[in-house]
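Here is a short note for a first look at this structure. Please keep the view open while reading the points.

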Amino acid sequence: MNWDLIWSSFGPIITGAVTGTIPLTLASFAFGLVLALVVALLRLSPNWILSGLGRFYVSVIRGTPLLVQLFVIFFGLPSIGVRLDPWPSAIIAFSLNVGGYAAEIIRAAILSVPKGQWEAGHTIGMSRPQALVRIILPQAARVSVPPLSNTFISLVKDTSLASLILVTELFRNAQQIAAFSNEFLILYLQAALVYWVICLVLSTAQSAVEKRLDRYVAH
Amino acid sequence: MSPTNESIPEPRATSVLKARNLAKAFGSNVVLRDIDIDIRRGQVVALIGPSGSGKTTILRSLNGLEIPDGGTVTFGDSDASGGLAIDFDAKVGKKEIAALRDRSAMVFQHYNLFPHMTVLKNIIEGPVQVQKRPRAEAIAEAERLLERVGLADKRDAYPFELSGGQQQRVGIVRALALKPQLLLFDEPTSALDPELVGEVLGVIKELAEEGWTMVIVTHELAFAQHVADEVIFMDGGVVVERGPAAEVLRAPRQERTKLFVKRLQHDV
């Protein structure tokens, strides 16, 4: 067993996680959630053009592979003169992807809040947007945390695809050391271990968030 | 003024609300037809009738939770400042609905408290967020109202920590805090365990004595007789009979009213 290699590889792999995987995940998830809220509201709109637009978006995102989306943006768009660097390409692709999946989660969560809550908001004088923000979304948040955590954890792992468009992140660093040292099994297991640890931390965070949001529910 | 109003002892002539020819259908199902209602300041009107008779739809229409297909609703003197006249035969905009909601507040059958807010926040949400009243003032008012309904110690509790009767009293306080011209109660005790009904009816009775103007949809006939100035009996989307509570409930003239009153009294 090449312990020296194992120890010395953790450095670049963890650096890749801290400077690549984690910021890529956070940025994509943040943009993705905003997009998802917009798409969810489009889908809930009584206007059939708007809801159709939302439905179309979700259908395209869920119906095509993430890797293909990534390649279209990074390798495809230059053909029409849109040349993006690896990082912006990756963030755009992942955000669009999260936007499609999380939109359905948020839409379902909004629909899960009883109609009486909208009405109670209206009777105290709130407009629809006001009731949405103050009354409905806080309750929808509670319902959507478990499925959104799923999306988030998937995203952490999906960012490894960014290595294919030359983003320096966890997996790309592992790949390079593996190619250089010929220790494929060890390096890829190391990469897997670091992903797993990140996801373990996230699962713990998810429990904490759920607990906090559950404080107003009977146990 | 309609003839049924003559039996009310003191002259309380100021009109709070006039509804004329309210009509509403859900598809081919007509739920309201030609509904006229007059409510004067300090008056308590009880809407009774079998389920599906349209009484809840009237209440919801007065709060803009349901938009009638036709008819008019006038609040106050429509010519004077602060008056409001809405013609549902014309297209009704968001502003008009907002103005309607400004003037009334609803107490729901299932309370509909905001589960993610404490009791206090439930109450000050409307005054602070919508009416833009100073927070400190809204809190002081909320505390005073909570004290009145015997829930001062529940200020920081979440709705799930309260009994149904307590939740409904908070629901009433939430409506009162908006200082509406008209309080609307939609079967306020129907979801309550029998032993909790009294505490809620007690609060409503006190409000009636204080002079609040109220419309109450209820199945509690004894209560209606006790607090209501006027009782309106509805069936099949129309007003079948209306008049002073004692007359309609004790000596109904219409067959349908007689049957309904008798059946409900047998249930008790």
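**Notes on chains A and B**

1. Chain A has eight helices and zero strands. Helices (H or I, at least four residues) and strands (E, at least two) are DSSP runs, numbered from the N terminus. In sequence order, the pattern of chain A reads α-α-α-α-α-α-α-α.

2. This is a predicted model, where local features need pLDDT of at least 70, side-chain atom pairs count only at pLDDT 80 or more, and totals for chains, interfaces and linings use all residues. Residues are numbered from 1 along each chain as its sequence is written, while chains are lettered from A and ligands numbered from 1 in the order in which they are written.

3. Along the principal axes, the C-alpha atoms of chain A fill a box of roughly 70 × 50 × 25 Å. Chain A has 219 residues, and 38% of them are buried. A residue is buried if 20 or more other C-beta atoms, placed from the backbone, lie within 10 Å of its own, exposed if 12 or fewer, and partly exposed in between.

4. What does chain A contact in chain B? 16 residues of chain A are in contact with 21 residues of chain B. Contact means C-beta atoms, placed from the backbone, within 7 Å. On the chain A side, α5 (115–123) and α6 (128–158) each give two or more residues. α5(A) gives the most, with six residues.

5. Helix α1 (residues 55–62) of chain B is mostly covered, with eight of its eight residues buried. Among them are B:K55, B:I58 and B:R60. After α1(B) comes B:G64, with a positive phi near 70°.

Terms used: Contact = placed C-beta atoms within 7 Å.
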